[in-house]
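The sequence and structure are shown first.

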Amino acid sequence: MSIDISHSGIGGGLIVACLLYAGASTIAGQAMATRMIDKSGWHLECPEGLKAAVRSEPRSRTRIPEKRCSDVTIWLPREIQELCGVFGNPDLNAQARRAERELEAQRRAVEKRRLDRSAASAGSKCSCAANVYKSDEIIALAIYAGSFRQISLPAVDDMQLGLKQGLATQQCQALGGGS
């Protein structure tokens, strides 16, 4: 079933002109969005924000306290307490503290690799967020460009929110191993 517009008073030229104008507005909206994103400093702020967020994640640091033999035998008879002196009052937690230091060194190495990976992928995540914003808000951006910046929808007014939402999408989070 085809639509008959011959009796509506709207000429085919007007429809073609409207379609061309809509297409041009869409293309102009994308170009305008690219300039607006560049002008906002997103490509500078975003990677720094991602790196800072990764670095500020809380780290668990358990410290095994030093526990001397004399601390444990204080409740026992004096003869047993003197045994601690014979052996030099050793630290009973020395092995556990040594293992903790080794684990901490391994954790720092893993953390450094994670930070390096996150820093390397930050730029691509930020570019991804910009592309997601431009594709999600294509109509709002086309209206903005097509109206010569006279009609501004909330998606255009609050571009930073749209960019942050784009950053949280699965496709952008998947870049760089999800770090």
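In this predicted model, Met 36, Ile 37 and Ser 40 of H1 meet Met 159, Gln 160 and Leu 163 of H8, where contact means heavy atoms within 4.5 Å. Helices (H or I, at least four residues) and strands (E, at least two) are DSSP runs, numbered from the N terminus. Residues are numbered from 1 along each chain as its sequence is written, and side-chain values use heavy atoms, with hydrogens and water left out. Because the model is predicted, local features need pLDDT of at least 70 and side-chain atom pairs count only at pLDDT 80 or more, while totals for chains, interfaces and linings use all residues.

**Overall organisation**

- The protein chain has nine helices and zero strands, and its pattern along the sequence reads α-α-α-α-α-α-α-α-α.
- Of its 179 residues, 26% count as buried; buried means under 20% relative accessible area, exposed over 50%, and partly exposed in between (1.4 Å probe, protein chains only).
- Among contacts between residues at least 6 apart in sequence, 74% join residues at least 24 apart.

**Packing of H1 against H8**

- Two packed helices are described by the angle between their axes and the distance between the axes.
- H1 and helix H8 (residues 159-167) pack at an angle of about 95°, their axes being 11 Å apart; axes are lines fitted to C-alpha atoms, for helices over the stretch in contact, and angles run from 0 to 180 degrees between N-to-C directions.
- This angle makes H1 roughly perpendicular to H8, given that angles under 35 degrees count as roughly parallel, over 145 as roughly antiparallel, 65 to 115 as roughly perpendicular and the rest as oblique.
- The residues of the contact of H1 with H8 divide into four nonpolar, two polar and no charged. In this scheme Ala, Val, Leu, Ile, Met, Phe, Trp, Tyr, Cys and Pro count as nonpolar, Asp, Glu, Lys and Arg as charged, and the others, Gly among them, as polar.

**Packing of H1 against H6**

- The axes of helix H1 (residues 12-40) and helix H6 (residues 138-146) come within 7 Å and cross at roughly 100°, which means that H1 is roughly perpendicular to H6.
- On the H1 side, the contact is made by Tyr 21, Ser 25, Thr 26, Ala 28, Gly 29, Gln 30, Met 32, Ala 33 and Met 36. On the H6 side, Ile 138, Leu 141, Ala 142, Tyr 144, Ala 145 and Gly 146 take part.
- By class, the contact of H1 with H6 has 10 nonpolar, five polar and no charged residues.
- Ala 33 lies in helix H1 and counts as buried, at 0% relative accessibility.
- Not counting residues up to four places away in sequence, Ala 33 touches Lys 134 and Leu 141.
- Ala 33 and Ala 130 are 97 residues apart in sequence and 8.8 Å apart in space, C-alpha to C-alpha.
- The buried residues of H6 are Ala 140, Leu 141, Ala 142, Tyr 144, Ala 145 and Gly 146.
- H6 is followed by Phe 148, which has a positive phi, near 55°.

**Nonpolar core**

- Of the 21 residues in the largest nonpolar core, Ile 37, Trp 42 and Leu 163 touch the most other members. Such a core is a set of buried Ala, Val, Leu, Ile, Met, Phe, Trp, Tyr and Cys residues joined through side-chain atoms within 4.5 Å.
- Two or more residues of this core come from each of H1, helix H2 (42-55), helix H5 (94-136), H6, helix H7 (154-157) and H8.
- H5 gives the largest share of this core, five residues.
- Not counting residues up to four places away in sequence, Trp 42 touches Ile 37, Pro 47, Cys 126, Ala 129, Ala 130, Gln 160, Leu 163, Lys 164 and Leu 167.

**Salt bridges**

- The count comes to six salt bridges, each being a side-chain nitrogen of Lys or Arg within 4 Å of a carboxyl oxygen of Asp or Glu.
- Glu 104 and Arg 108 form a salt bridge in which the closest N and O atoms are 3.7 Å apart. Both residues lie in helix H5, four residues apart, about one turn of the helix.
- Glu 104 is buried, with a relative accessible area of 11%, whereas Arg 108 is partly exposed at 47% relative accessibility.
- Salt bridges that share partners join Glu 66, Arg 68, Asp 91 and Arg 97 into one network.
- Between Arg 68 and Glu 66 the closest N and O atoms of the salt bridge are 3.1 Å apart; Arg 68 is partly exposed, with a relative accessible area of 28%, and Glu 66 is partly exposed, with 44%.
- Asp 91 forms a salt bridge with Arg 97, the closest N and O atoms lying 3.2 Å apart, and Asp 91 is buried, with a relative accessible area of 13%.
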